[in-house]
Amino acid sequence: MTDRLLPYIAGAMGVLFLSAGCEQANIYSEVDFNVTLDPSNTYVAGEPVRFNISGNPDNLLFYSGEIGHAYQYRDRYEVPVEQVTSIVLDMNIEHRYGEKDHSALEIYYTNEFPGLNGNDAQADVALVKGMYEGGMSGWTKVDFEDPGPKADVTFQVQTGNMKDCVDNLCIAFHWNPSENTVNNDHKIPMDTYRINGIMTIECEGMNPQQRDLKSLMGQAIIFDHDPVYWMDQGNGSIRIQDGTWDVIFQGGYYDEIKHDCNGWLFSVPQAFNVSEPDQGLVIKNIQNYLDTYEYTFTEPGTYTVTFVGTNSNYIDESRDVQEFEINIVPPAVTAAE
């Protein structure tokens, strides 16, 4: 009888041990760690600051408190419009072909334009023609000197500060070259413009953000073409798919393209008081142990340094946040001998 029971007892004990092992592997513990400043720290810009770490959190995230790395802005996706200090579009423009000393490009911006429909050509043409014939009310024109057509020569144009349009900024390009003309029996192709541009947005307490001109662009129309939404079709069209230039207003000979190039290109109206959340740095995960961490501040100032420790598994998550205010001073100035 005893011999028969032994296999059952052994099997039951195996199940108990296996069960205990599973429970052990899935034990959840709350995070418990502590960070202290090392007594040897000098707190001088350019010299490392050492943090001593006790405990063993599964994961540890570090925010230096510098611009772009502040814990308080970890969930910030929008800033108040009054904190936007500057929005400027800088462009390099190449004017190729066309009549000498003749400008065929105008640039405007506003915060009052709703954008084109994109699916109703008649309504879009009426909207833009009415806007232009009405004197571009509500739009600001960008003044610049066009040197005329000079192959492979670029000139610089800056919009100036467009921050007053931050809540719904739209930029418009009006391309309106003359029809082909005859000069000494030689035809002159319609004006072509090639443009690269960078928009820089500056906000208080943030690193500047930049967008290239191509990423801003939306719908284009050409009045005297059917269809009016004439984009990326070679000569006589407005192109934004070129690999070298952000935008190309591509002219050509009238006999070739057979339509005037009275066209408009609009950026997508949008707000620019948006921001990327500040980022922390992962300095520890569950696979490594960490008892010290060093970070070097390159600029003097007062920084709120934050450590975020977490333990987590499928049962629960535990989080602890520890902060320090650190004053970093400039390096000592050594008198010249």
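These questions and answers look at one arginine and some aromatic rings in a predicted model.

Residues are numbered from 1 along each chain as its sequence is written. In this predicted model, local features need pLDDT of at least 70 and side-chain atom pairs count only at pLDDT 80 or more, while totals for chains, interfaces and linings use all residues; side-chain values use heavy atoms, without hydrogens and water.

Q: Is Arg 211 buried, partly exposed or exposed?
A: Buried means under 20% relative accessible area, exposed over 50%, and partly exposed in between (1.4 Å probe, protein chains only). Arg 211 has a relative accessible area of 28%, so Arg 211 is partly exposed.

Q: What is the separation of the C-alpha atoms of Arg 211 and Met 199?
A: Along the chain, these residues are twelve apart. The C-alpha atoms of Arg 211 and Met 199 are separated by 5.1 Å.

Q: How many aromatic pairs does the structure hold?
A: Rings of Phe, Tyr and Trp (its six-membered ring) pair if their centres lie within 6.5 Å; planes under 30 degrees apart count as stacked, over 60 as edge-to-face and the rest as tilted. By this rule, the number of aromatic pairs in the structure is 19.

Q: Are the rings of Tyr 63 and Tyr 71 stacked, tilted or edge-to-face?
A: Their centres are 5.3 Å apart. Their planes stand at 75°, so the pair is edge-to-face.

Q: Which ring has Arg 74 over its face?
A: A charge sits over a ring if NZ of Lys or CZ of Arg is within 6 Å of the ring centre and within 35 degrees of the ring normal. Arg 74 lies at 3.9 Å from the ring centre of Tyr 71.
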